[in-house]
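Thanks for sending this one over. Here are my notes, in the order I'd go through them with the model open.

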Amino acid sequence: MSLNRSEKETVISDVTSLAAKAQTLVMAEYRGITVADMTQLRTNARSNGVTLSVLKNTLARRALAGSAFEVVSDQMTGPLIYGFSEDAVAAAKVVADFAKTNDKLVIRGGAFGGKALDVNGVKQLANIPSKEVLLAQLCGLLMSPISRTAVVLGALAAKKGEGETAAA
């Protein structure tokens, strides 16, 4: 069923507002995926803060014109699902993880930071740890010298305590 003009304008404005907030766009071909698998993908995406949309490519091109995602407008062919996320790696991670278990979902490309990504670029983006993991690793690095110093000082204090008890 085709959309009338006002419905098309609504879709374009919705996608434009999504693109304005998003850092990452991932596109994947969904030909042959069952409804149950697509529902599973949408559920995973929703829980990770990713918005998945099946759009007409012409409407998507119009909506993304002038945005940072315009660089991938030439890749918008065929039946595509568009994943937008405010988190830099969430969309890539959700789509790449689902594509590992379902060979019918084919990653076509994406965009991040105004640059177009190919399939390997999307997979590399998906392999980056989440923000929380990176912050935990940074805290561990910052705590390492302090904890090592505390261990050395504790060992010195224990050794000095042993020397005083032996002399008495």
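1. Start with leucine 142, which is exposed at a relative accessible area of 56% (exposed means over 50%, buried under 20%, partly exposed in between, with a 1.4 Å probe and protein chains only). Leucine 142 sits in helix α6, residues 131–167. Helices here are DSSP runs of H or I with at least four residues, strands are E runs of at least two, and both are numbered from the N terminus.

2. Leu142 also belongs to a nonpolar surface patch with Leu135 and Leu138, and together they have about 290 Å² of accessible area (Shrake-Rupley method, 1.4 Å probe, only the protein chains shown counting as cover). Patch members need over 30% relative accessible area and no salt bridge; nonpolar side chains (Val, Leu, Ile, Met, Phe, Trp, Tyr) are joined within 5 Å, like charges within 9 Å.

3. A word on provenance: this is a predicted model, where local features need pLDDT of at least 70 and side-chain atom pairs count only at pLDDT 80 or more, while totals for chains, interfaces and linings use all residues. Residues are numbered from 1 along each chain as its sequence is written, and side-chain values use heavy atoms, without hydrogens and water.

4. Now the salt bridges (a side-chain nitrogen of Lys or Arg within 4 Å of a carboxyl oxygen of Asp or Glu): the count is four. Glutamate 29 is buried, at 17% relative accessibility. Its partner arginine 31 has its closest N 3.1 Å from the glutamate 29 O, and arginine 31 is exposed at 53%.

5. Glutamate 29 also meets arginine 108, at 2.9 Å from N to O. That pair links distant parts of the chain, with arginine 108 in β4 (106–112) and glutamate 29 in β1 (24–29), 79 residues apart. Arginine 108 is partly exposed, at 26%.

6. Lysine 100 and aspartate 97 form another salt bridge, at 3.7 Å. They are three residues apart in helix α4 (90–101), so about one helical turn separates them. Lysine 100 is exposed at 64%, and aspartate 97 is partly exposed at 39%. Shared partners join Glu29, Arg31 and Arg108 into one network.

7. Last, the sheet: five strands, open, ordered β2-β3-β1-β4-β5 with antiparallel pairing (strands pair if DSSP finds at least two bridges between them). The edges are β2 (50–54) and β5 (115–117), each pairing on one side only. β2 and β3 (residues 80–85) pair over five bridges, and leucine 52 has glycine 83 in β3 as its bridge partner.
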